[in-house]
Amino acid sequence: MAGSAQPHQLNKPLGTITRGTTGVNRLRRSDRWLVHDELVGARLRAAADPLVVDLGYGASPWTTLELAARLRTVRPDVRVVGLEIDPERVVPGQDGVTFARGGFELAGLRPVFVRAFNVLRQYPESAVPAAWATIRSGLAPDGLLLDGTCDELGRRCAWVLLDRTGPLSLTLAWDPFTVDRPSDIAERLPKALIHRNIPGEPVHTLLTAADRSWARAAALAPFGPRVRWRQASKYLREEGFPVREYRRRMRDCVLSVPWSAVAPKDAAAV
């Protein structure tokens, strides 16, 4: 196997203890996206060692166990390790998943994929570049990092996908039936962007245009929010926004764009 087979138990993992809020099925929208994403799937299937790290899983391991079960549909022999910086949250292994103490240094592991959900949200924006750099430096050569944020029930989600070179894309995903307009997701933007939702910044321009397209597609509301959002996405693309087109049937409303479409004007920030 490539990389370290077992996490290293460090005296002082990198990072600080967060609130640890979690819940059953809270990360279902990002998990659904992951198992269907071409790039994530290709990297998992091609990996000599399909090692995945769930970083900062919180006060209970439910979402880590769910991640493992869902990724096994892509790669049956995937190895999942849940890492928590708080030693009191480390639980015994179960259902083929290992749990250990670790932080941004990934406990010495070299995973092909890292999920860090609702972790950096609790840090200052200035801490994001260093945290991203530390995690990315620990990835396998073709490894990916997903840095995401969601609300308490997992109805509003946003995440950045990165590789070892930097951010690749931003994705927003939300419950079609409990969100009134796309810009409502702004409160759950990842830490790298949440303070950038102001006039003049690209992410604000995108969300404003998404709301405008959503309003323009109002005539399709009787057919349901999913149909309406597909049309709104089409309007966005017609305006020149590089919105990814999903041809498969989607349970969630999803807006995904290349990172270049939303990168902060102060590029040094990330």
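1. Basis. The model is predicted, with local features needing pLDDT of at least 70 and side-chain atom pairs counting only at pLDDT 80 or more, while totals for chains, interfaces and linings use all residues. Residues are numbered from 1 along each chain as its sequence is written, and side-chain values use heavy atoms, with hydrogens and water left out.

2. Overall content. The protein chain has seven helices and eight strands; these are DSSP runs numbered from the N terminus, with helices being H or I of at least four residues and strands being E of at least two. Of the 270 residues in the protein chain, 56% are buried. Buried means under 20% relative accessible area, exposed over 50%, and partly exposed in between, using a 1.4 Å probe and protein chains only. Among contacts with a separation of 6 or more, 70% are between residues 24 or more positions apart; a contact means heavy atoms within 4.5 Å.

3. Helix H6. This helix covers residues 202-216. Its 15 residues should span 21 Å at 1.5 Å a residue, and the end C-alpha atoms are 21 Å apart, which agrees. The expected span is 1.5 Å times one less than the number of residues. Buried in H6 are Val-203, Leu-206, Leu-207, Ala-209, Ala-210, Asp-211, Ser-213 and Trp-214. An α-helix has 3.6 residues a turn, so residues three or four places apart point the same way. The cover over the buried residues of H6 includes strand E7 (166-174), helix H5 (191-194), helix H7 (225-238) and strand E8 (253-258).

4. H6 against H7. The two helices pack at an angle of about 125°, with axes 8 Å apart. Axes are lines fitted to C-alpha atoms, for helices over the stretch in contact, and angles run from 0 to 180 degrees between N-to-C directions. H6 and H7 are therefore oblique to each other; angles under 35 degrees count as roughly parallel, over 145 as roughly antiparallel, 65 to 115 as roughly perpendicular, and the rest as oblique. On the H6 side the contact involves Ala-209, Ala-210, Ser-213, Trp-214, Ala-215 and Arg-216, and on the H7 side Pro-225, Arg-228, Trp-229, Ala-232, Tyr-235, Leu-236 and Glu-238. By class, the contact of H6 with H7 has nine nonpolar, one polar and three charged residues. Ala, Val, Leu, Ile, Met, Phe, Trp, Tyr, Cys and Pro count as nonpolar, Asp, Glu, Lys and Arg as charged, and the others, Gly among them, as polar.

5. H1 against H3. The axes of helix H1 (residues 28-36) and helix H3 (residues 62-71) come within 10 Å and cross at roughly 25°. That makes H1 roughly parallel to H3. Arg-28, Asp-31, Leu-34 and Val-35 of H1 meet Glu-66, Leu-67, Arg-70 and Leu-71 of H3. This contact has four nonpolar, no polar and four charged residues.

6. Thr-149. This residue is found in strand E5 (residues 144-150) and is buried, with a relative accessible area of 1%. Beyond its neighbours within four places in sequence, Thr-149 is in contact with Phe-117, Asn-118, Arg-121, Arg-156, Cys-157, Ala-158, Arg-188, Leu-189 and Pro-190.

7. Positive phi. Most residues other than glycine have a negative phi. Leu-106, in the loop between strand E3 (97-101) and strand E4 (113-117), has a positive phi near 65° and counts as buried at 0% relative accessibility. Asn-118, in the loop between E4 and helix H4 (128-137), has a positive phi near 60° and is buried, with a relative accessible area of 11%.
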